Amino acid sequence: MEKWLNVGKIVNTHGVRGEVRVISRTDFPEERYKVGNELYIFKDNEEIKVVVESHRQHKNFDLLTFEEYHNINQVEPFKNCLLKVPSSDLVELEEGEYYFHEIVGCEVYTEEGNLVGTIKEILATGANDVWVVKASGRKDILIPYIEDVVADINVEEKKVIINEMEGLLD
């Protein structure tokens with residue numbers, strides 16, 4: 001059975017020419033939404049294969065058009081649907097690069113071995129990603145994914161070791 005990865009959610013239409021507004025959940029939108037790439041829209045237990053015709057960014061959204069869908073009436077039913085790709089579409093990453101789904105769910109420990117919490121989401125901020133860590137009995141902790149902070153990542157064991165810098169865990 002094919003495993004599917006969520007790459008975004010169609011939240012609205014944009015204009016009258018079949019463009020859709022997507023909140024992305026993909027690590028590499030510029031790769032995932034390349035013209036000619038196949039995506040699958042999941043609507044009412046149905047997988048609808050679409051091919052990306054255009055992609056641009058507008059504010060915090062990715063705007064997409066699909067081949068053979070050229071007006072608002074054709075894409076209106078896709079509102080609130082998920083965009084997915086089969087896990088077999090994943091490409092090999094370079095050393096030190098990770099997919100979001102490999103990092104989310106990892107437990108975070110200090111170098112001293114103290115459990116900080118579990119990574120629940122990743123914020124792509126531009127300069128570097130920020131990992132949102134759900135900590136027990138306290139507010140979420142924001143961990144910048146930079147060399148000075150993240151000491152080690154083991155995705156097989158779902159474990160991350162961080163350097164405890166001043167103010168980071170306050």
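Colleague: Which residues have the most contacts inside the largest nonpolar core?

Modeller: In soluble globular proteins, nonpolar side chains tend to be buried together. In this predicted model, the largest nonpolar core has 19 residues, and those with the most contacts inside it are L39, I41, L64, F66 and L83. At least two residues of this core come from each of β1 (4–14), β2 (19–24), β3 (38–43), β4 (46–58), β5 (61–66) and β6 (82–86). Apart from this core lies another, of 18 residues, with C106, I119, I122 and I153 among them.

Colleague: What does L83 touch, leaving aside residues up to four places away in sequence?

Modeller: With those neighbours not counted, L83 touches L5, N6, V7, G8, I10, V22, L39, Y40, I41, L64 and F66.

Colleague: Which annotation covers residues 7–88, and what is the chain like there?

Modeller: An unreviewed UniProt entry annotates residues 7–88 as "domain: RimM N-terminal". Over residues 7–88 the chain is 54% strand and 10% helix, with the end C-alpha atoms 14 Å apart.

Colleague: In what order do the strands of the six-stranded open sheet run?

Modeller: Strands of a sheet pair through backbone hydrogen bonds, either parallel or antiparallel. Here the open sheet of six strands has the order β10-β9-β8-β7-β12-β11, and its pairing is mixed. Its edge strands, β10 (141–144) and β11 (150–154), each pair on one side only, and the twist averages 35° from one strand to the next.

Colleague: In which sense do β7 and β8 pair, and which residue in β8 is the bridge partner of V108?

Modeller: Strand β7 (residues 107–110) pairs with strand β8 (residues 115–124) in the antiparallel sense over three bridges, and the bridge partner of V108 in β8 is G117.

Terms used:
Residues numbered from 1 in each chain as written. Predicted model: local features only at pLDDT ≥ 70, side-chain atom pairs only at ≥ 80, totals over all residues. Heavy atoms only, no water. Core = buried A, V, L, I, M, F, W, Y, C linked by side-chain atoms within 4.5 Å. Buried < 20%, exposed > 50% of the residue type's maximum accessible area, 1.4 Å probe, protein only. Helix = DSSP H or I, 4+ residues; strand = E, 2+ residues; numbered from the N terminus. Contact = heavy atoms within 4.5 Å. Pairing = 2+ DSSP bridges. Axes fitted to C-alpha atoms, helices over the stretch in contact; angles between N-to-C directions. UniProt positions renumbered as here; feature names shortened; annotations may be inferred.
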